[in-house]
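Dear colleague,

My notes on it follow.

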Amino acid sequence: MQIRDYIIRRLLILPLLIIGVSIVVFALTRIGGSPIGVYLSHEMNASEVAALEERFHLNEPLVVQYWYWAKGALSGDFGYSGVAAAPVSEVFWGKFAATMELSVFSALIAVWLGLKLGVFAGKRRNKWQDHLTRIVAVSGASLPLFWFGIVLLIVFWANLGWFPVGRSDADIWDSIAHPTGFYTLDGLLAGSIPAFLDALWHLVLPSITLGFGAVAIITRMMRSALVEELQQDYVDAARAKGLPERLVLNRHAKRNALVPTVTVIGLTIAFLMQGAIAAEIIFRWPGLGRWMADAVVRGDQATIMTYVLFTSVLFLFANLIVDIVYAKLDPRVRLGD
Amino acid sequence: MAISDNAIPMSARQVRLRRWTEIFRSLMTNPTTALGMIIIFLLLAMAIFAPWLSTPNTPDAYQMPRDWGATRMPPGTPNHPLGTTNQGGDVLYGVIWGSRTSLQMSLIVVSVTVVIGVAIGSIAGIVGGWIDETLMRIVDIFLSIPELIFALAVAAILGPSFTNIILSLCIVFWVKYARIMRAQIILIRQADYVQAARVMGDSRLNIFLRDILPNASTPIAVQATLDMGNIVLVGATLSFIGLSESGIAEWGVLVSEGQAGIASGRWWASTFPGLMIFLWALAFNLVGDGLRDALDPRTEGR
Amino acid sequence: MTALFSISFRATLGAATLAFLLPAIAAAQETIVHGADEEPATLDPAEVEPGEGGESVIFHVYDRLLTVGAESSDLVPALATEIPSVENGLISEDGLTYTFPLRQGITFHDESPFTADDVKFSWDRVIALELPGSGYEILSERVAETRVVDDYTFEVTLNDVDASFLYSAVLSMTASIVSQEAVEAAGAEGDGESNGLLSDNMIGTGPYTFESWNRTENMTLRVNPSYWGTAAFDDVRLEFGLDPDVRVLGLRAGEFDTIETDPSYVADLEGADGVEIYAEGLLLEPLHIGFNMNVPEGALPEGDTIPEDFFKDVRIRQAFNHAFDYTAFVQGALAGFGEINPHYVPIGVFGYDPNAPVYGEQNLAEAERLFREAGVWDEGFTATVVVESGSLFEIQCLILKDSIEAMNPDMRINVLGVAEAVFDEAIASETVNYAMWAKNGDPAADPIDYLMTYAHPDGEWGEIHGFRDAYVNPDQIANLIDQIAVELDRDTRAGLVGEVQSLLYADPMWIIGAQEGAVTAYRDDIENMVLQPLWPRPSINFAILDKTGG
């Protein structure tokens, strides 16, 4: 089918999938927790609790409950988080910005290192460098992030004292405004080099932890894409024409190989989202991941629900974009299921 | 595969057997995959021979033995080559018996998820129609939720225990197999020889067993191998976050409990179990990768 | 030239002044960073739960009528200028009315003047609001009436004679004095609902003012320069949400000056660079495992094979007490910082009798005999103990597990470690769905608090756990404890306490593993460190600590 039809079809399915995920999430809370647990806060008295039951129709059949829960969610009410001692919607964006900033820097590391390694290996297919790179890359994917983070923490924080934990120094944080929630950006916007550097310094260890894990995904893709490119006819032709290897590689092969590599963005985002949980715990990063880890252990249903919903929606969109790009490149995909 | 003039036509089974032998050979010649195979072999040996390598604790071998008179000993102490934990547990014991725990976890989850996934995928593929649509939508929905996060949420709901972690992983990890199976069914169903067989009256079940299942076994084997590694990784993460039981010989729990020593320079209680998780996942990932490359028609023969 | 001279002269003078003041400025700007365990849920004395994180903050920002000093458990005047007693006539002859003369010329942090109206307002508020989870019963059960005699005299009449009133009620954080003006300005209160001002704002008279609170992150307290008593030296920042090991790491790295920790971590810090250890005395929080005989039908966790009333049999309770490996707990888990005192009147509390019998040593032979007699030896049993995971209490449970399971492989203990919040919920309800749970007792200076809460058949845990049906002679114990509650003569009282200790030995409702040592670790540039178990956890008074910035 045409690319346009493909896009439309995927776009139509998307909301259905989101609804499906929301049903799964809703079912989880009904199975495990108390229906009212999502909205309850310790400060409520009996009449408020009754009002909640009324508003969300908690005494009626499940389907009705789901409807009112979904309505509440769409209007921004995701319940009350016991862990944060505040409504989920109030604290969500602050923590999201924290995780986002960490993910962006981790992605930068992953992309930089991943592309370098992928090219390095792709050029030397099946030689020992290729095998070594593969091991390094697969190592990144096999690393228990929580363990890797602890090791970095011991060496660079406890023993060497080069890097701090947490997201920022309290006094420096107080000294500037935070319009974007991205501390590096905020520092630049406020023209404060100390603030910028402070934010950057706090980012180093967690980004390395998280980024190294994601390297594997990108390396693997870049390598195989490059290998495939180098086997194309035009490469032979260019070489026959006498073009220097470097030019063939840099101007053509690498650039072409980048295109399919873009498709692993979906996987990388998924990896970063999940890896952030462990990284944020170890480095005391006040983001969504750590919030979720606390929520899971303390039975904070509202947070768990919101987090699962949010990451799934993000994941779906990322995959959608990636699939569309991929479909544009490879017509076979559109015809298939 | 050259066919000489005198070649005896081989049965389908022989063809498949030769195929697998070739795959195995190509795996062993690839150095990274060979490395993975060796590590797996060692880990499996450790898990199977655990009771002989390290005397089981009584009454429950999966409880770390606690010796309050010998806590926090460094590696190299007599009787404790890898040191002891804060609770006087022998780290080597944890490493060895933890491999058993990991083997149990991964085998159970992979077996269950393959069976469930294959069953559901087969039903969807064979029966077709709205059952197919519904089941596949469910699969799509499950696949929309990142695995670790899904497992985390389910385990949180079920409550902290080792069994619940296994249960949670089973609930989350079956979907890929369903999708693979169904895709295989649809693919092969359209093949000429299968159409021919149907015309000749061959039953669906026969076709399924003879043609579809064996062909599906290859991508499923790849996924299962990767999952053997990934499951232990995810399970250990869940344990680390706090969804398992304390004091058991499980690598994730040991890393979590070993953290307390790190601040004071006692790195061994966390490092060795964590290293094991890494090696386990690494080995299965290497082999799984190799398997996938060997089986992927596009890269076959490279 | 002259102009230049004078400019440079002034500059020099200015610089010299600055240099002179700099140490003072630098000293005033020191902030003591404390690695805390629990983040406060609320800062309102009428709302705070006794024993939770908010109490320490309340301790520093609010004052009470009386307090205890660092050296001993003797009462010290605070907002009241004298300690009421029968001798000085400030306790009436019938023992029911207490008169507190108040300190004059004190202002709250918002500059409103402190008078007896504020005391009455603070206490009445607690009693009237009855906020769930708070310590309102500390006052409401004792106080019949509060009265303002004049601006600087406050009077309380009790419901009954109460020998523990001063220690248990007046000292408590719940009885802190807040600013009536500030609270009333923020809105009406009533119907079990506060106006919310004090939950995250603090207007007190204490040595610290409340500056800011970044939820899940940290809280900052500033020195109150116009404090009526000895001013504090340095500001304080409390950092929350840290795992115990992160706190220790942070202490070593110099990121924290003081931390909340327990003995098992402190042992590792001995000899560490820049770290000092304080280890003196014992905390007043016995580490205990409770027996619950009041489990609802079918409510025990799956896997438990015991009947719901398993622990009614006194032999079984005694056997558990004999089986526990006390030495392993104190030496191994507490690293030697603690003492074996399986008794519900902690060492250091008035009336503690060192000659009373205790389960100080593991006696497996006796335990086995008792289990056999009770008829559970052959079949064995499986029971679950619920506890906060990752805590010292969990270690105590593991030791119990090992002790019991080593005796007989058919006797199994499951240690169910759950998150703190989950644990709190599990034991907060009217009935507890587990046969055993582990934690420590809340500290108090008066033995009656321990006895009423943890021993009396109709006391707090007595009711929840069903002591009355389980004690061999519940009335004997009840009467003895009731006497202790009202006996105002110290010597007689001490004797009674010793007597009840012996009774409780024969009929134990708890396994008390040990009494934890008062021990902490801190950076060596902090002076005047002292722990006083009667101060809210972490038992530190930041106002007396001086960070020399070395």
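Predicted model: local features only at pLDDT ≥ 70, side-chain atom pairs only at ≥ 80, totals over all residues.

Turning to chain B itself, the chain has 12 helices and zero strands. Its C-alpha atoms fill a box of roughly 75 × 50 × 35 Å along the principal axes. Of the 302 residues in chain B, 52% are buried. Among contacts in chain B with a separation of 6 or more, 70% are between residues 24 or more positions apart.

One element of chain B deserves a separate paragraph. Helix 7 (residues 162-173) of chain B has 12 residues, and the distance from its first C-alpha to its last is 17 Å, close to the 16 Å expected at 1.5 Å a residue. Which residues of helix 7 of chain B are buried? They are Phe162(B), Ile165(B), Ser168(B), Leu169(B), Val172(B) and Phe173(B). These residues lie on the same side of helix 7 of chain B, because the arc they cover around the axis is only 120 degrees. As a general point, an α-helix has 3.6 residues a turn, so residues three or four places apart point the same way. The buried residues of helix 7 of chain B are covered by elements including helix 4 (91-127), helix 6 (147-158) and helix 10 (204-243) of chain B.

Chain C contributes strand pairings. Three of its strands form an open sheet in the order 4-6-5, with antiparallel pairing. Strand 4 (97-101) and strand 5 (143-150) of chain C stand at the edges with a single partner strand each, so one side of each has no neighbour in the sheet. On average, neighbouring strands of this sheet are turned by 20 degrees against each other, direction ignored. Within the sheet, strand 5 of chain C pairs with strand 6 (residues 153-158) of chain C over six bridges, in the antiparallel sense. Here Glu145(C) stands opposite Thr157(C) of strand 6. Helix 3 (residues 116-129) of chain C packs on this sheet and touches strand 5 and strand 6 of chain C. The direction of helix 3 makes about 165 degrees with that of strand 5 of chain C.

Elsewhere in chain C, strand 11 (residues 275-291) has two pairings to note. With strand 16 (residues 510-523) of chain C, strand 11 is joined by 11 bridges, and the two run antiparallel. In this pairing, Leu287(C) has Ala514(C) as its bridge partner in strand 16. With strand 15 (residues 436-440) of chain C, strand 11 pairs over five bridges, again in the antiparallel sense. There, Gly290(C) stands opposite Trp437(C) of strand 15.

With kind regards

Terms used
Residues numbered from 1 in each chain as written. Chains lettered and ligands numbered in written order. Pairing = 2+ DSSP bridges. Helix = DSSP H or I, 4+ residues; strand = E, 2+ residues; numbered from the N terminus. Axes fitted to C-alpha atoms, helices over the stretch in contact; angles between N-to-C directions. Contact = placed C-beta atoms within 7 Å. Expected span 1.5 Å × (residues − 1). Buried ≥ 20, exposed ≤ 12 C-beta atoms within 10 Å, placed from the backbone. Arc of directions from axis to C-beta.
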